[in-house]
Amino acid sequence: MTDAAFPPARSPLTLAQGLIRCPSVTPSEGGALAYLAGILGRAGFAVERPVFSEAGTPDVENLYARIGTGPCLLFAGHTDVVPPGDAAAWRHDPFGGTVEGSELFGRGAVDMKGGIACMLAAVLAFLERRGPDFGGAIAFLITGDEEGPAVNGTVKLLDWAKARGERFAHCLLGEPTNPDTLGEMIKIGRRGSLTGDLAVHGVQGHVAYPHRAENPIPGLLRLAQGLLATPLDAGTAHFDASNLEFTTMDVGNPATNVIPAEARATFNIRFNDLWTPETLAAELHDRLAAAAGNTVRYSLDLRPTNSVAFLTRPDAFVETVTDAIEAETGLRPALSTTGGTSDARFIKDACPVIEFGLVGQTMHQIDERVAVADLDRLAAIYGRVLDGYFPDAAAMPDRA
Ligand SMILES: N[C@@H](CCC[C@H](NC(=O)CCC(=O)O)C(=O)O)C(=O)O
Ligand SMILES: [Zn+2]
Ligand SMILES: [Zn+2]
C-alpha cells in the first residue's frame, strides 16, 4: 500500500469521479474496469478480466479480483451504465464527474459507480488497517453487462469463478436500494419477471364492409381485460402482490379505411414467490382461453426468462449490515423485495446475497447525481460491515 496514487484515490468521491469519467455505456467497457483493475492490482488483489461472448449478443468485459484466504465476502456490481439520453439537457457533462454544491453529477453516480467507489474505498481502508492477513478473503465480481441483456455478465462470471474453485460465504451487491434516504432499505430478495407477446389474428378488409373482415382490435381489448380483471394474488409475507402491466399495444395501421389483419400487445409481469414461470404461464393461458371463447383467434409467446422470485432469509450477515447502517445513519433499514430485478437473481445460486447501496431517486434520469456526504457515509457503512464480518481477534481483550 505504498503507491503514491493511493491516498487521493481512496476517497469515495475521487473513485466515483474516476469511474464516471469512463464512458461505459452498456456494453462498452469505457475504461471503467481497467481503472478498477489498476487500483485493485496495486492493493494486492489477484485481478482477472474475463470476456464472455454469445451469439446474438455483444461481447462483454468483466472483472474478478480476490485477496486473502478463508471465508470470502464478495462485493458485486456493474460498471456499465444506461445511455445519458440528451446530453445537452444535463446540467453537467454526464461523463464529467462534476461536483456542484454538495452533489456529484454523472451517469452512474448512483447506479452504480458510486456504490462501487464506496466498496473500493472501504476495502482499501480496511486492508490498510488490517493488512492482507485479516482472517478471510474479499472478492470483487464486477460486470459490464447488467444494464444490457445480462447474458455475458454476472451469470457467466459466476460459472467461470465456480469452475476455478472460487467459493463465496456471502455477497453484498451495491445497487441503489434506498428510495429517499441512505439507510432506509436493504433488499433481501427480488420478484421474478416474465414478458409476454400477445397477438390477435383477424381478417383484413374495408371498414365500410366489416362483414367481409374480422377486426382483431376488439378481440385484443377483450383478452387484455381478461388478463387484467382479477389480481394475480394479494402478496405474501415478504413480497408485494404480483403485477401485470401492458407495455405496448400495436396495430401499425396507417390507413383509416382498412380493418387491420392483426393486433399485438406486450406485457410484463413482476411476480412473487407464489408463482414460477410455469405456473404463471398456465394461469395466463387459462385466462386468455376464458376471455377468447370461440370467437377470438390469438397466440401468446412468453419470452424465456432467467428471473424468478427469490428471498435471502435474514441471518447474521443481514444483522451485521443492519447494525452497520444503524451505527452510521441512526436508521434501522427495512428488509424489502420491492422494485426491479438485479444480478442478485444469479448470485443467489452461489451464496446468500443482499443488496445495499445509495439513494436511487435519480437512477437512469437526466442529471443523475449523488450527495457527496452519502458517498462518505456508504463507504463508512461498508467499512463497518468489513470490521463486523472479519473481527480483529488481536483487538479483542479476551483473545489477545
Ligand atoms: N436488462 C436486464 C436486467 C433489467 C433489470 C431491471 N432492474 C432495474 O431496473 C433495477 C431497479 C431497482 O433496483 O429496483 C429490471 O427490473 O427490469 C435484463 O433484462 O436481464
Ligand atoms: Zn444497477
Ligand atoms: Zn440501472
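# Close-up views of a predicted model

View 1. For "active site", an unreviewed UniProt entry lists D80 and E146. The two positions span 67 residues in sequence, yet no two of their C-alpha atoms are more than 6.7 Å apart, so they gather at one spot. UniProt positions are given in the numbering used here, feature names are shortened, and annotations may be inferred rather than shown by experiment. The model is a predicted one, in which local features need pLDDT of at least 70 and side-chain atom pairs count only at pLDDT 80 or more, while totals for chains, interfaces and linings use all residues. Residues are numbered from 1 along each chain as its sequence is written, and chains are lettered from A and ligands numbered from 1 in the order in which they are written.

**View 2. The surroundings of D80.** D80 is found in the loop between β4 (72–78) and β5 (99–100). Helices (H or I, at least four residues) and strands (E, at least two) are DSSP runs, numbered from the N terminus. D80 counts as buried because 27 C-beta neighbours lie inside 10 Å. A residue is called buried if 20 or more other C-beta atoms lie within 10 Å of its own, exposed if 12 or fewer, and partly exposed in between, with C-beta atoms placed from the backbone. Not counting residues up to four places away in sequence, D80 touches S24, T26, P27, G144, D145, E146, E147 and G148. Two residues are in contact if their C-beta atoms, placed from the backbone, lie within 7 Å.

View 3. The loop between β7 and α5 holds E146. Is E146 buried or exposed? E146 is buried, with 25 other C-beta atoms within 10 Å. Residues up to four places away in sequence aside, the contacts of E146 are H78, D80, G153, T154 and D343.

**View 4. The three residues of the "binding site" annotation.** The UniProt annotation "binding site", also from an unreviewed entry, covers D111, E147 and H364. Although these residues are spread over 254 residues of sequence, they cluster in space, with a largest C-alpha distance of 10.1 Å. D111 is found in the loop between β6 (103–105) and α4 (113–130). D111 counts as buried because it has 26 C-beta neighbours inside 10 Å. Apart from residues up to four places away in sequence, D111 touches P176, G360, M363 and H364.

View 5. E147 lies in the loop between β7 (137–143) and α5 (154–163). With 22 other C-beta atoms within 10 Å, E147 is buried. Its contacts, not counting residues up to four places away in sequence, are T26, H78, D80, V81 and V82. Which residues surround ligand 1? Ligand 1 is surrounded by E147, A150, E175, G339, G340, T341 and S342. A residue is near a molecule or strand if its C-beta atom, placed from the backbone, lies within 6 Å of it. The shell around ligand 1 divides into 1 nonpolar, 4 polar and 2 charged residues. Ala, Val, Leu, Ile, Met, Phe, Trp, Tyr, Cys and Pro count as nonpolar, Asp, Glu, Lys and Arg as charged, and the others, Gly among them, as polar.

**View 6. The two domains and their contact.** The domain assignment, which is automatic or from a database, gives domain 1 (6–190 + 309–395) and domain 2 (193–302). The centres of domain 1 and domain 2, taken over C-alpha atoms, are separated by 38 Å. In the contact between the domains, 6 residues of domain 1 meet 7 residues of domain 2. The side of domain 1 that touches domain 2 has 2 nonpolar, 4 polar and no charged residues.

**View 7. D301 in strand β16.** D301 lies in strand β16 (residues 297–302). D301 counts as exposed because it has 10 C-beta neighbours inside 10 Å. D301 and G196 are 105 residues apart in sequence and 5.7 Å apart in space, C-alpha to C-alpha. Leaving aside neighbours within four places in sequence, D301 is in contact with G196 and D197.

**View 8. The chain and the confidence of the prediction.** The chain has 10 helices and 20 strands, and buried residues make up 44% of its 400 residues. The chain averages a pLDDT (the predictor's confidence in each residue, from 0 to 100) of 95, and 96% of the residues score at least 70. Over residues 1–8, pLDDT stays under 50.
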